[in-house]
Amino acid sequence: VHFPDVERVEWLNKVLIQAWPYFGTIMEKTFKEVLEPKIRAKNVHLKTCTFTKIHFGEKCPRINGIKVYTKEIGRRQVTLDLQICYIGDCEIHMDISKFNLGVKGVQLYGTLRVILEPLLTDAPFVGAVTLFFMQKPHLEINWAGMSNLLDVPGINVMSDSLIQDFIAARLVLPNRITVPLKKNINIANLRFPIPQGVIRVHLLEAENLVQKDNFLGAIRGKSDPYALLRVGTVQYRSKTVSRDLNPIWNETFEFVVHEMPGQDLEVDLYDEDPDKDDFLGSLLIGLMDVMNDRTVDEWFPLSKTTSGHLHLKLEWLSLLNDQEKLHEDKKGLSTAILIVYLDSAFNLPKNHFEYSNGECGAKKIKNNKYLKKMEREPSSFVLLTVGNKTQKSKTCNFSKDPTWGQAFTFFVHSAHSQSLHVEIKDKERDCALGTSVVCLSHLLKDPNMTLDQRFQLDHSSSDSFIKMKLVLRALNVEEPDPQRVKAGVNASKQGPVHVTEKGGNHQKFVSPPEDSKVPPVSKDSAAVESLTKKDSGQDLDTKDSSAPVPSETVAGLDGAEHNQNPEHHPSLVPHSGAVTVPTLPVVQELRLAPSVTSLGSLPSSCFELSSSNLDIPNGTEMPLGEIQLTVRYASIRQSLVVLVNGCRNLVPSSNRGVDPYVRIYLLPDRRWTSRKKTSVKKKTLNPQYDEKFEFFESLENVKRRTLDIAVKNSRPFISQERKELGKVQIDLSQEDLMKGFAQW
């Protein structure tokens, strides 16, 4: 299956194959010289730990595809999604106290996000690299030696899941690894960015679920459905509705969304059984569409099953630095989010006797030979509590000045009355080393609702502190744009469509074309009927809003599986007159900096497409839409660079719809060979191109020229429809081309 937004990188895989033996040598040295001493220092029982064999094998990881984001993100970063597949023949053995443990083969699949940020104007051009998995990667390990016991059925699932949890605690959102590439780069904001928002999921009901329960293997009974909802590493389970194929839950769940685009809402339905729960269907919803629509209230068809629909209401909550939005919710829902950046602590007592019994008690302990252990530095972790939710930090071993460097999020119902309770505990002795209570109302005194300071610890030494940064943000459901075409059920990621080829018994997967999306199955047959009517001749773009269409359309072509059976959903099979649905118009910020010096100095006027020399029925001068252009002169290449971003609010030339493209001349040269032309976008009044063209001329020559740009309709040769939709001319002598300009 080929997805247009994911690129194959065979050249990179060839580089990996060549470099893999050298990587193995480096890792062997690292295991011996760095990892082995660290393992020995962890525990007295591990002092004999020795790696007897380290071989990373002949098979190296493979990158199946890379997706690069440049439009949906800030201009000072580059984001890449790497689809990693590792089926390795590595072999690692270690001896601990005459026991031989080892690994003989690993399988790992997952999507690794790499963020290069911030982009700099001097070497090394990138300040830091941030790595994390979007979801838990799939992992299978083949154990060797004594650890073969971990391959026993039942135990193997548990051992692999424990390692997956270990990876998730460090490398799966919201956890990240950030490696600075330049000195004096503050990586705290890169490791712990403020979340993008909150998704509130109202799990309402389902209908026509598959019957899974059997009596005596023949009589079909009703299922006992429940739902698992997941965003990243956070998972909630709904209540179980007994013996009902049309269950009603009416439950609400809230998830923090850390990374956009990229994170999805996963919903799996199961039938609860005494032995093994049966799968009833699943749903994958792209949160980017929910964020754009603000509110989605739809019946979604379940995938990987023969029947069933799920009714969800999804609300996107923005994070605002506005105290007026912190009113208490009457339904008991969250009104704010508290982000806690746990940094470090200073001068922790070695044990709780140091402060509970005073100096006298401490001296008595020193004289007791059985309590010599008390003299060791504490191994501390932190418990943070808001309301009835408690979260635990990692443990820092044997330090009076531990550094945790972790971030936590809490939902807040009443910022005026709730508090954050902090307790530092010693792992080995399970005793408190200090506590602190911070009233969230203190955050309201700061205009940014932020506290970044040391907090004095109670029930601890007089000079014991904990350093934290607390950020409070109000949750707000913004009103949706009334002109925006909503995604609705299109927010459900469909993936490739399963169709049967004519003239053969074998099947193949066909990916929907980039410019024509296959409509998903709707619960309401009227929706399918209306799409069919639109296919019969009506223009789909009569309700286009005044914003450009993003290059990614609603359905979100990515690797999500969607194996729906065509015989159950005939409307999913594309036919000769392919049904298209309108793509989502989304206001997009400027995507390309003309130059570093021109950031923030761009003109704000618009190029309106003129109708002065077009055949308009009423003959009056009227705007025919707008075109967004970025123009600058590249002195190194000695060329004029013209980037055609997109158009909006084009006027259709017929009720059949328009297929617009853009034609460019650098006047006075009107030769056919020197003209530039974009690709054709089908059936849209808000086309998005993002195509670059170059005219190789000297700056002096370009200054005497004029850009002639026309938007045209690609129509059949014998058609009577108007071809030119609008045009604009730009006098380049009036522009600062070295700085460049970008405008509508």
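Reader: What should I know about the model first?
Author: The model is predicted: local features need pLDDT of at least 70, side-chain atom pairs count only at pLDDT 80 or more, and totals for chains, interfaces and linings use all residues. Residues are numbered from 1 along each chain as its sequence is written, and side-chain values use heavy atoms, leaving out hydrogens and water.

Reader: How far apart are the end C-alpha atoms of α1?
Author: Only 42 Å, for 33 residues (10-42). A straight helix would reach 48 Å at 1.5 Å a residue; the expected span is 1.5 Å times one less than the number of residues. Helices are DSSP runs (H or I, at least four residues), and strands are runs of E, at least two.

Reader: Where does α1 bend?
Author: At Ala-19, by about 50°. That is the angle between axes fitted to the seven residues ending there and the seven starting there. Pro-21 follows within four residues.

Reader: Trp-20: buried or exposed?
Author: Trp-20 has 9% relative accessibility, so Trp-20 counts as buried. Buried means under 20% relative accessible area, exposed over 50%, partly exposed in between (1.4 Å probe, protein chains only).

Reader: New topic. How many aromatic pairs are there?
Author: Eleven. Rings of Phe, Tyr and Trp (its six-membered ring) pair if their centres lie within 6.5 Å; planes under 30 degrees apart are stacked, over 60 edge-to-face, the rest tilted. Trp-20 and Phe-56 have centres 6.3 Å apart and planes at 75°, so they are edge-to-face.

Reader: Where in the chain is Phe-56?
Author: Phe-56 is in the loop between β1 and β2, 36 residues from Trp-20.
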